[in-house]
Amino acid sequence: MSKPALTELLHAAVTAVGGTERPGQVAMAEAVAQAVEEGRHLLVQAGTGTGKSLGYLVPALAQGERVVVATATLALQRQLVERDLPRTVKALHPLLRRRPEFAMLKGRSNYLCLHRLHEGVPQEEEEGLFDPFEAAAPSSKLGQDLLRLRDWSDDTETGDRDDLTPGVSDRAWGQVSVSSRECLGAAKCAYGMECFAEAARERAKVADVVITNHALLAIDAIDGAPVLPSHDVLVVDEAHELVSRVTGVATGELTPGGVHRAVRRASKLVNEKAADQLQSAAEEFERLMELALPGRLEGELPEGLAHGLMLLRDAARTCLTALGDTKDRSVQDEDAVRKQATASIENVREVAERILETSEYDVLWYERHDRYGASIRVAPLTVSGLLREKLFDDRSVVLTSATLKLGGDFNGVGASLGLAPEGTREDADESAGPHWRGLDVGSPFDYRKQGILYVAKHLATPGREGQRTDMLDELAELVEAAGGRTLGLFSSMRAAQTAAEELRGRLDLPILLQGEETLGELIRRFADDAGTCLFGTLSLWQGVDVPGANCQLVVMDRVPFPRPDDPLMSARQKAVQESGGNGFMAVAATHAALLMAQGAGRLVRASGDRGVVAVLDPRLERARYGSFLRASMPDFWYTTDRNQVRRSLAAIDAAAKG
């Protein structure tokens, strides 16, 4: 029997999920198949509505290679595992004459730990969680959550936190989960045979397609100890998020609370001298952090901080040695206590040591949080070298997103991934890095007919401080013309709050504000009521999918450049500048372009959608970088005519009501 054609397989899969074949989807599937066959790498920009999930799943399944798909969001993981893959596998089975298996795999702390659940949290039992009468009635919210988790453990097949509805607080989940460092290991654990995390790993080992997240992919690359099963093809979906997720995993942090937790965990297992040394170092570190002012630390470490971190590092080393030398059978569940203590102290030692090394490739800064106090953080200046070395090694990599092409090409995103500019590498020149190509398969939507990009060029240029009364006037007029139906994307929470308060006083329309309810509930209410507006910040720029007439105006208050005092972004910008590049364009403008492309993408989610993206920042029209930012956004019809936009919004509103 001859091998089925890719187009035949794609048609069967699209029909099975109830979709419609798109030219862009076909082009993407063919490019993915070619990249996999040739062992090359591909960056694919596929606009909303293209059906990119099937665009990479079908050719990957057809090749018969093992595939790992890494996504950034829970929503896409669920879509793949619960909708796309079951239907696609069923549809392709008779054509391929085999039934590909698929599985989900996440980091260990995402799974319920039965040892923790039944044996309790070593050394950190919460007092007053339950009434003394056989825990009949929980006396706190935490106690209620733990009882519910205990009941859920009998019903769940996966133990995956994301399968628990409604969810529980991070504090409650922390009582029933462990990190990979804290885990006893299946061989030593009394619950090893029933372990949810181990079961997930076993399923992944035999699956043809493994769905995971960017964080686990980063851990797999950074730690050097493989977490993911061996595979021939890696697909990174929502790839515009990858660099920030990898940076997050590679960032170390020390807080007084975390250090004192390590002291408490170790105190029962080490000799008194070692415990006192760590306690003394923790107190000195806490004193230092009370004096810390937020901001970046450059050059040599301040003498006091260096001394405090040396005390902490040396005390942690002493405790680790002592932990290895002692056994105390009087400690209940000693192995678990020891493992947890070792994990905490090892983290303190590693981060203190990394900060003391003051590498030119790391960025160091103090942060101060209203609730948690001060912390010291260390992050890589760039992850491009790490990604270039680890991501593109010994497998085909396909990176895809609706926003990979910034300013008209893929080179900005490519550079952040450690790739040389497209077309500069000859096959013989290995020093130029991995061979890749970029492909923009477009969108099924006619953006020029479906949307308008309006820039309010008459407004004053936004400053760092102060209320923008002209912007608020403009916003109120636009929202009124649209009859509500507005998603307001703001560069800061303060700006969103100010706008919400102002418009609530001016307009007789419901204004929802991020933070006043759970994000899911806010988005549901926004999608359900045509007159409603939703204002918020970063997570709304990328996390809202409301097709139809209830989102017909997307407003951005200003170009979302990173804050000038953002330690990591400013350090990256300075490093590019010092190496002869344009730091502003490579870092700040690229960051803004990515967010604006994502934000503008909230407007048109289906072929019948109509509306306006309004940017209330004249720099998008006046500044030299404006054309770069506009070229990164969907190709809407462009105008700076405020009267034209009001008329258009009123007409769209009337049509929606009609």
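Tutor: Let's start with a term: two strands pair if DSSP finds at least two bridges between them. Keep in mind that this is a predicted model.

Student: What joins E8 to E9?

Tutor: A hairpin does, through three residues. E8 (residues 362-369) also runs antiparallel to strand E7 (residues 295-297), with three bridges joining them. There, Arg296 has Trp365 of E8 as its bridge partner.

Student: New topic! In what order do the seven strands of the open sheet come?

Tutor: The order is E14-E15-E13-E16-E17-E12-E18, with parallel pairing. Strands E14 (511-513) and E18 (637-639) are the edges, each pairing on one side only.

Student: And which helix lies across E16?

Tutor: Helix H18 (residues 469-482) does, running at about 170 degrees to E16. H18 also lies across E12, E13, E15 and E17.

Student: Now H23. Is that helix mostly covered or mostly uncovered?

Tutor: Mostly covered: 14 of the 18 residues in H23 are buried. At the N-terminal end, Asn582 caps H23, with a side-chain oxygen 3.2 Å from the backbone nitrogen of Phe584.

Student: Where does H23 bend?

Tutor: At Ala589, by about 35 degrees.

Student: And how far apart are its end C-alpha atoms?

Tutor: The ends of H23 are 25 Å apart, which agrees with the 26 Å that its 18 residues should span at 1.5 Å a residue.

Key:
Residues numbered from 1 in each chain as written. Predicted model: local features only at pLDDT ≥ 70, side-chain atom pairs only at ≥ 80, totals over all residues. Heavy atoms only, no water. Helix = DSSP H or I, 4+ residues; strand = E, 2+ residues; numbered from the N terminus. Expected span 1.5 Å × (residues − 1). Bend = angle between axes of the 7 residues up to and from the residue. Buried < 20%, exposed > 50% of the residue type's maximum accessible area, 1.4 Å probe, protein only. Polar contact = N/O pair within 3.5 Å; in protein donor to acceptor, adjacent residues only side chain to side chain. Contact = heavy atoms within 4.5 Å. Axes fitted to C-alpha atoms, helices over the stretch in contact; angles between N-to-C directions.
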